[in-house]
Amino acid sequence: MKKTLAEILSQMNEEQYRLTVGKNTDHPLQDAFDKKRVVHPSVQGRPLSEEERQVAWQNTMHTELIKVEKRTAYIHIPFCSHLCLYCGFFQNYSNEERETLYVDCLIKELSMSANESYLKAGLIHAVFIGGGTPSALSPYNVRRVLQAIQMYLPLANDCEITLEARIHDLVKEKMDAWFAGGVNRVSVGVQSFLTNLRKSMGRLDDYETVVARLKELAAYEQASIIIDLIYGLPGQTVEDLLFDLQTVDSLPIDGMDLYQLNLFDVSPLKKAIDAGNLPPAATTAEQAQMFAVANTWLKERAYKQLSNCHWAKGIRERNMYNLLTKSGAEVFAFGSGAGGNIGAYSIFLERNLKSYIEHIQAGKKPLMFMAKKSAKQELHNDMLKQLESGYFNLEFLAAKYGEHIRELEYLLEIWQRHGLVNKGKVLSRLTEAGQFWHINIAQSLLECTEALLEGRLKTQVQAIAAQG
């Protein structure tokens, strides 16, 4: 006989229990949990051997499909002209000769899949060109990449095509090439408008340049313009964050991502702080205060919240790629370091540039990792999709996956007492504190779901280093 969730939770030690359900406190925004967790636990699929990968890939791509849901594609450009202290995605410095060879291979990789039955069976509704820094590509090479996307992928008529960019690359020759090639959404890493904060993080351009170039980008009237802001940077105050938000409001942009700084022990930023070259980053409690201030400011101005971290300023922004991928939509991956999932498999492509090129030159998909998805992946995707939008629909999940899911009601009742959710007749909505702690909530819900199925709870701890 399977255990109830109450029985499973009662068998935990105090530390594990607090990690899972948090604690009842007068200040849930600041300290509902002892530590902030970082990575959602994934459903572990069966990894394939190197020999199995190519066979599984070919078999999948040859499959004839009848019904296809909305799909996406991710194109990875693994080059940057500069390494920023906070970044965890750096792979290679930009070099035009190496870049041109890479684009040759990327185009070949796209062409290799173009006539496969599986890709041709349905339309691609969103393409994300990420990195690295895709805007580092020369006009010549970005034109070639965009032409290949148009030529080899079955794009929907209203396909969202996003290109990640940095302020330093917002120059006429490059922007002309982007829009001529079909880019209709540009995501710009601003992080902060304040010159001193930008320079301390390794960003190159001052406030005046950032504002001027964003206006030049928007003046094309060809794309949704999105910027990234980070809160919790070393030396950043609440007043600094409000200045950034006020600047957003004054500019002709269409939306923004508001991200919490995650500081890890191995990062260059942590080393700079430890060496005394930068002040400490904000603690989790200080970040919670910043989140609350920003949340209130945005709601007072009728910004539309599309996810826990993403806000639309106007009618142009759809955030389609992010919302589709977080709901478990298929992602066709291309390029060194790209990740995705198709059919029954999740994949990750060769991160090492030399190995990637060798695979492409040999006519092989550059699969570094491939795993068969767990049968529980769809359930997890549905749960994460809901939480990303700030709610949890237990009725929907129980109807789709079975009555055992209703056991999670016990956990939701605890979180309502803790000030993290408001339970309604159908939906449980995250409070402001719940939104701030939504990754902890997502981890715990997935782990408790696994416990109901397996009869025991396995918790994962990924605390944010140095932030409390």
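# Notebook: a strand and some salt bridges

I began with strands β5 and β6 (residues 155-166), which run parallel and are joined by five bridges. I took helices (H or I, at least four residues) and strands (E, at least two) as DSSP runs, numbered from the N terminus, and I counted two strands as paired if DSSP finds at least two bridges between them. Along this pair, A126 stands opposite E160 in β6. From β5 the chain passes through α7 to β6, in a right-handed β-α-β crossover. Right-handed here means that, with the strands pointing away from the viewer, the path from the first strand over the helix to the second runs clockwise.

A note on what I am looking at: this is a predicted model, where local features need pLDDT of at least 70 and side-chain atom pairs count only at pLDDT 80 or more, while totals for chains, interfaces and linings use all residues. Residues are numbered from 1 along each chain as its sequence is written, and side-chain values use heavy atoms, with hydrogens and water left out.

Next I looked up the other partner of β5. Strand β2 (residues 71-77) pairs with β5 in the parallel sense, over seven bridges. There I found Y74 opposite F128 in β5.

Is strand β5 buried or exposed? Eight of its eight residues (124-131) are buried, so β5 is largely enclosed by the rest of the structure. I used these cut-offs: buried is under 20% relative accessible area, exposed is over 50%, and partly exposed is in between (1.4 Å probe, protein chains only).

Then I turned to salt bridges, each a side-chain nitrogen of Lys or Arg within 4 Å of a carboxyl oxygen of Asp or Glu. How many are there in the whole structure? My search found 23.

One of them joins the side chains of R144 and D104, at 2.7 Å from N to O. R144 sits in helix α7 (residues 139-152) and D104 in helix α5 (residues 96-113), so the pair ties together parts that are 40 residues apart in sequence. I noted R144 as buried at 15% relative accessible area, and D104 as partly exposed at 39%.

I also looked at D382 and K400, whose closest N and O atoms are 2.8 Å apart in a salt bridge. This pair links distant parts of the chain, with D382 in helix α16 (residues 377-388) and K400 in helix α17 (residues 394-401), 18 residues apart. D382 is buried at 12%, while K400 is partly exposed at 39%.

Last, I found R18, K23 and D34 linked in a network of salt bridges.
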